[in-house]
Structures are given as structure tokens and as C-alpha cells.
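Here's a quick briefing to read alongside the model. Have the viewer open and follow along.

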Amino acid sequence: MADGDWNEVYEEVEAEYFVGREQELESFHLNIRLSKPRFLIYYITGQGGAGKTTLLNRGKAIAQEYGFLLADCDEQQHNVPSVLGRFAQQLTDQGFPLKDFNERNKTYRQKMHEIENDPEAPQGLVATLARTVVRAAFIGADSIPGVRKGLEFVSREIVETQASEWATYLAKKFSNRDEMALVRDPISILTPIFFKDVNEICQKRKVLLCFDNFEAAPSELVVWILRLREYKPSQGIRIAIAGRDLPGAKWDALRKITLRSRQRIKVSI
């Protein structure tokens with residue numbers, strides 16, 4: 001009798017990851033199906049090789065059983081606009097385009113492309129323009145949680161000089177104020193449009209947004225998630241996160257709506 005193929009061994013090993021973790025999956029299963037859930041965020045933590053991604057994939061499969069649309073991202077998306085763009089593309093591919101967001105995001109990507117290919121663009125602008133640290137330079141780092149730490153070793157004179165240079169360049173580059181605002185602060189402009197469109201989708205289908213390898217997420221993505229309530233996402237939008245690190249005290253703002261498991265693979269926030 002011929003031996004089985006690799007898939008047979010893979011499936012057996014994968015099943016071992018869930019010994020003693022049925023409770024996590026059952027809790028997820030019971031909550032994800034509710035129209036008005038007790039929890040909106042599911043956070044899977046554990047050391048490398050502990051099966052976080054596998055558990056996340058099981059969660060995705062359960063959500064699909066209940067008709068959820070899925071969108072995911074990982075460490076390959078280096079900033080919030082790229083995360084939103086990936087989510088939007090995946091939802092569009094499933095037949096639910098984010099019309100207003102896609103249009104605005106297209107403009108954003110076009111303008112960024114122009115800057116990337118402009119030899120007169122100030123040094124360092126392209127690499128950091130979508131990041132919170134640049135917005136902090138424009139409006140004051142102290143107003144944005146977590147940014148001051150990133151600027152500890154950068155003198156205020158350097159930051160202010162760069163900010164002035166970038167602002168002068170952008171004002172010269174873009175005569176359209178809306179376009180300049182979009183390039184300078186894409187997160188605060190694109191996010192409300194994104195959730196407006198996804199909220200409309202949720203009138204027909206629920207949506208699960210997944211973040212894998214979250215320990216490698218940029219700091220502004222963490223801040224963005226902590227501020228999600230400001231954008232009034234629909235109850236039909238759920239979030240699943242998998243990462244090595246347990247979240248700290250800053251996550252208190254979302255802790256009450258986050259499912260926490262007490263197994264070896266912990267679901268917490």
C-alpha cells in the first residue's frame with residue numbers, strides 16, 4: 001500500500017496544535033456568530049512556532065462559515081495606508097468594492113508616486129511621509145501617543161528644519177489643498193472613508209479584518225487600532241490579531257471588548 005502524501009502528515013501535525021485549545025475556538029465560535037457580540041477583537045499571543053497563524057486561520061474558517069468577508073495583512077504592509085489599501089483590495093476582489101475609499105486611495109497612491117519619482121523631493125520625505133512621525137513634525141509630537149519616544153534622539157532643530165522643508169516642497173508641488181492634505185496626513189483622511197464604505201458593506205455582510213505577525217507592526221498601526229472607536233466602525237466589523245507580544249496598559253481602551261483566552265495560546269488585548 002502506497003504511503004500518503006505530505007498533506008496527510010501536515011493535517012495530523014496541525015491537529016496537534018489544537019489539543020487543549022478547543023476552548024479558544026469554541027469561545028470564538030460562540031461570539032463571532034452574534035449580531036450584537038460581547039467581543040469585537042480577538043488577540044492571539046504566543047511564542048514563535050506556537051501555532052498562532054494556524055489558530056488565526058481556524059478563526060477565519062469559522063468566520064467564513066457565518067458569511068463573513070475576510071481581509072488580512074501582515075508585516076509586509078509597512079504603514080496604515082498600505083494596510084487599508086490591502087484590506088480594500090481584498091474586499092473588492094470578493095465583490096464588495098469600497099467605491100469612495102478606492103477613489104481617494106488611488107489619488108493618494110498617484111501623488112505618492114509623483115513624489116517618489118521627483119528628483120527635487122527632499123531627502124527622507126518619501127520614506128516617511130505616510131508615517132505618524134512626519135505628521136508629528138508638522139503638528140507637534142507631544143500630541144500623538146508613542147511618537148515622542150521615536151523622536152528622543154532627534155533634535156528639535158532637525159525636526160523643525162525638515163518639517164519646514166517638507167511643507168515648502170508640498171505647497172509648491174500641490175496647488176490643490178485637498179491633495180496636499182491627503183499626502184501630509186493620509187491616515188486621518190483615508191480612515192473615515194474606509195470605515196464609511198465598510199459600514200455600508202456590513203449592511204449585507206459582516207467583515208473580519210485580520211492582522212498576523214503583529215509584533216512586527218509599525219507603531220502607528222498600533223495607535224490606529226487603539227483609536228478605532230473614534231471612527232465608529234459597525235458592529236459587523238470584527239478584528240483578529242495574532243502576535244508574540246502581550247499588549248500592555250495602553251490597550252485598556254479596548255480591553256473590555258476583547259476576547260481573552262487563558263490557555264497557552266492567549267487571546268487578549
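Start with Asn 213, which sits in the loop between strand E3 (207–211) and helix H12 (219–226). This is a predicted model, and in it Asn 213 has a positive phi of about 50° even though it isn't a glycine. Most residues other than glycine have a negative phi. Asn 213 also turns up in the lining of the second largest cavity, and that's a handy way into the rest of the chain.

**Two loop residues with positive phi**
- Asn 213 has a relative accessible area of 25%, so it counts as partly exposed.
- Lys 232 is another non-glycine residue with a positive phi, again near 50°.
- You'll find Lys 232 in the loop between H12 and strand E4 (237–243).
- Buried or exposed, then, for Lys 232? Its relative accessibility is 68%, so Lys 232 counts as exposed.

**The second largest cavity**
- This cavity has a volume of about 50 Å³.
- Its lining includes Cys 73, Asp 74, Glu 75 and Gln 77 from one part of the sequence.
- Phe 211, Asp 212, Asn 213 and Phe 214 are in the lining too, along with Ala 216, Ala 217, Pro 218 and Leu 221.
- By residue type, the lining of the second largest cavity splits into seven nonpolar, two polar and three charged.

**The largest cavity**
- How many cavities of 30 Å³ or more does the model have? The count comes to two.
- The largest cavity holds about 120 Å³ of space.
- It is lined by 13 residues, and the closest to its centre are Phe 28, Tyr 42, Ile 44, Leu 55 and Gly 59.
- Helix H2 (22–32), strand E1 (41–45) and helix H3 (52–65) are the elements that give two or more residues to this lining.
- H3 supplies the largest share of the lining of the largest cavity, with four residues.
- The lining of the largest cavity is made up of ten nonpolar residues, one polar and two charged.

**Aromatic pairs and a cluster**
- There are eleven aromatic pairs in total.
- Phe 28 and Tyr 42 make one of them: the ring centres are 4.7 Å apart and the planes are at 65°, so the pair is edge-to-face.
- Phe 28 belongs to helix H2 and Tyr 42 to strand E1, so the pair ties together parts that are 14 residues apart in sequence.
- Phe 28 and Tyr 42 are both buried.
- Phe 101 and Phe 194 are another edge-to-face pair, at 5.5 Å centre to centre with 80° between the planes.
- That pair links distant parts of the chain, with Phe 101 in helix H5 (residues 99–116) and Phe 194 in helix H11 (residues 186–201), 93 residues apart.
- Both Phe 101 and Phe 194 are buried.
- Phe 101 and Phe 194 also belong to one aromatic cluster with Tyr 43, Phe 87, Phe 195, Phe 211, Phe 214, Trp 224, Tyr 231 and Trp 251.
- Phe 211 and Phe 214, members of this cluster, are also among the residues lining the second largest cavity.

**Asn 31 on H2**
- Asn 31 lies in helix H2, the helix that also carries Phe 28.
- Its relative accessibility is 5%, so Asn 31 counts as buried.
- Which residues does Asn 31 contact beyond its neighbours within four places in sequence? They are Pro 37, Arg 38, Phe 39, Tyr 42 and Arg 238.

**The fold overall**
- The secondary structure comes to 13 helices and six strands.
- Of the 269 residues in the protein, 44% are buried.
- Taking contacts between residues at least 6 apart in sequence, 75% join residues at least 24 apart.

- The protein averages a pLDDT of 80, and 77% of the residues score at least 70.
- Residues 132–155 have a pLDDT below 50, and this stretch has 32 contacts in the model beyond near neighbours in sequence.
- Residues 262–269 also stay under 50, and the model gives them 39 contacts beyond four places in sequence.

Terms used: Residues are numbered from 1 along each chain as its sequence is written. This is a predicted model: local features need pLDDT of at least 70, side-chain atom pairs count only at pLDDT 80 or more; totals for chains, interfaces and linings use all residues. Side-chain values use heavy atoms; hydrogens and water are left out. pLDDT is the predictor's confidence in each residue, from 0 to 100. Contact means heavy atoms within 4.5 Å. On a 1 Å grid over the protein atoms alone, a cavity is a set of points where a 1.4 Å probe fits but cannot get out, and a pocket is an open set with protein on both sides within 12 Å along at least five of seven lines; lining residues have an atom within 4 Å of a point. Grid points are joined across faces, edges and corners, and a volume is the space filled by probe spheres set on the points. Ala, Val, Leu, Ile, Met, Phe, Trp, Tyr, Cys and Pro count as nonpolar, Asp, Glu, Lys and Arg as charged, and the others, Gly among them, as polar. Rings of Phe, Tyr and Trp (its six-membered ring) pair if their centres lie within 6.5 Å; planes under 30 degrees apart count as stacked, over 60 as edge-to-face and the rest as tilted. Buried means under 20% relative accessible area, exposed over 50%, partly exposed in between (1.4 Å probe, protein chains only).
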